[in-house]
Amino acid sequence: MEINKKTIFRIEPVYKSFVWAGRKLIDRFGLKTDLDTVGTIYSVLALPGEIDNPVTGAGMTLSELYRVHRELFGTSDEVFPVRMTITCNEGFQSYQSHPDDAYAMEHEGCRGKVSGAVALDESDEKDTWLFGHKPMDAAEFRRCIEEKEWDALFSTLEVKGGDFVHTPAGVIHGGWGSGKVSATFGTNSDITYRFYDNDRNDPNRPLSIDDVCACASFPELPFAAERAEGVKIGGVTRYVYHDVPGEYTALRFKAAGEASFDFDSFLFVTCVEGGGTVCGEPISPGETLFIPLGYGPVAFSGQMDCIAISYHEKKRAENE
């Protein structure tokens with residue numbers, strides 16, 4: 001396989017089951033898998049020795065492609081920066097949070113995790129999420145966890161299908177899933193600290209109450225459910241959910257025809273409905289294409305809905 005900035009790469013998905021998983025992803029995307037249930041389709045993730053997407057025809061994984069061909073990404077970060085998944089929570093997920101980069105690097109030797117999610121199907125029906133905390137100091141926060149006083153601990157957030165919710169590091173969340181299929185975007189990490197797991201007592205899902213308490217912020221970090229406004233470019237409507245240097249750039253493209261536009265970074269595109277082409281390459285639901293930095297104009301054609309992720313470095317943005 002020729003590898004250069006004019007190559008479009010196919011990224012093979014990785015499927016994973018969880019205790020809270022069901023069959024909606026299998027049925028919706030027609031997944032070919034021996035798993036009875038699938039909770040997450042990892043479309044873009046590069047964690048060597050854990051979950052590391054194969055690159056079709058390249059004879060290497062995504063983390064290896066990043067290490068060997070950094071020119072395709074245009075970044076100086078030593079570790080691949082972003083992740084993108086399709087997830088469906090059909091059970092009890094756990095109450096949890098994720099560390100920031102500084103805490104994760106000190107205690108885990110890897111990046112922390114900030115992320116965001118949007119339900120793929122829009123709806124005016126509101127779901128109530130357990131999200132964020134009420135206590136104003138660390139002692140009360142820990143007491144509520146240890147005594148399982150969830151009403152005193154959690155804040156709630158009303159979310160409609162199609163709203164985007166960004167989860168800053170340290171913000172607690174989780175619980176019973178709505179069974180809706182969502183796209184999730186974030187930094188390239190899989191560090192989760194749980195403080196309650198529905199009394200499962202599973203040694204493979206340990207509790208990390210000390211870490212959760214250490215990562216919490218007082219007062220709580222700001223967050224909200226937001227609806228992105230689409231910008232029409234020819235036959236394609238582009239949505240920008242989140243674009244913070246050093247974190248991630250989360251996008252969506254709804255094509256009802258053709259459009260071409262310039263893009264100033266690399267881009268991973270996953271089709272979630274319909275079909276068509278991206279830069280002339282066919283794409284169907286569940287498939288992911290990688291367009292390198294410097295490829296040229298990004299062209300969409302077809303009747304399809306695609307999610308996408310990219311990245312801008314902090315220092316690059318500060319120098320512009």
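These notebook entries record what I looked up in the structure.

**Basis**

I worked from a predicted model, in which local features need pLDDT of at least 70, side-chain atom pairs count only at pLDDT 80 or more, and totals for chains, interfaces and linings use all residues. Residues are numbered from 1 along each chain as its sequence is written, and side-chain values use heavy atoms, with hydrogens and water left out.

**Sheet**

I looked up the strand order first. An open sheet of 7 strands runs β2-β3-β6-β13-β8-β11-β15, with antiparallel pairing. Because β2 (14–16) and β15 (225–226) stand at the edges with a single partner strand each, one side of each has no neighbour in the sheet. I took helices (H or I, at least four residues) and strands (E, at least two) as DSSP runs numbered from the N terminus, and two strands as paired if DSSP finds at least two bridges between them.

I then followed the pairs. β2 is joined to β3 (residues 40–44) by 3 bridges in the antiparallel sense, and Y15 stands opposite I41 in β3. Between β3 and β6 I noted 4 antiparallel bridges; V44 has M84 in β6 as its bridge partner. β6 is joined in turn to β13 (residues 181–187) by 7 bridges, again antiparallel, and C88 has V181 in β13 as its bridge partner.

**Strand β6 and the cores**

I checked the burial of β6, with buried meaning under 20% relative accessible area, exposed over 50%, and partly exposed in between (1.4 Å probe, protein chains only). In β6, 7 of its 7 residues are buried. V82, M84, I86 and C88 are buried on one side, and R83, T85 and T87 on the other.

The largest nonpolar core has 43 residues, and F185 and F268 have the most contacts inside it. Strand β6 (residues 82–88) gives the most to this core, with 4 residues. A second, separate core has 22 residues, including A259, L267, C271 and I291. For both I used a nonpolar core as a set of buried Ala, Val, Leu, Ile, Met, Phe, Trp, Tyr and Cys residues joined through side-chain atoms within 4.5 Å.

**Second largest pocket**

I found about 350 Å³ of space in the second largest pocket. Of its 19 lining residues, A46, L47, P48, V79 and N188 are the closest to its centre. Helix α2 (residues 62–68) gives the most to the lining, with 3 residues. By class, I recorded 9 nonpolar, 4 polar and 6 charged residues in the lining. A pocket here is an open set of points on a 1 Å grid over the protein atoms alone, where a 1.4 Å probe fits, with protein on both sides within 12 Å along at least five of seven lines; lining residues have an atom within 4 Å of a point.

**Backbone exceptions**

Most residues other than glycine have a negative phi, and most peptide bonds are trans. I therefore listed the following exceptions.

- F218 and P219 are joined by a cis peptide bond, with omega about 0 degrees; P219 lies in the loop between α6 (209–215) and β15.
- S94, in strand β7 (residues 92–97), has a positive phi near 120 degrees although it is a residue other than glycine. At 0% relative accessibility, S94 counts as buried.
- K148 is not a glycine, yet has a positive phi of about 55 degrees. K148 lies in the loop between α4 (138–146) and α5 (150–153), and is partly exposed at a relative accessible area of 43%.

Conventions
Points joined across faces, edges and corners; volume = space filled by probe spheres on them. Nonpolar A, V, L, I, M, F, W, Y, C, P; charged D, E, K, R; others polar.
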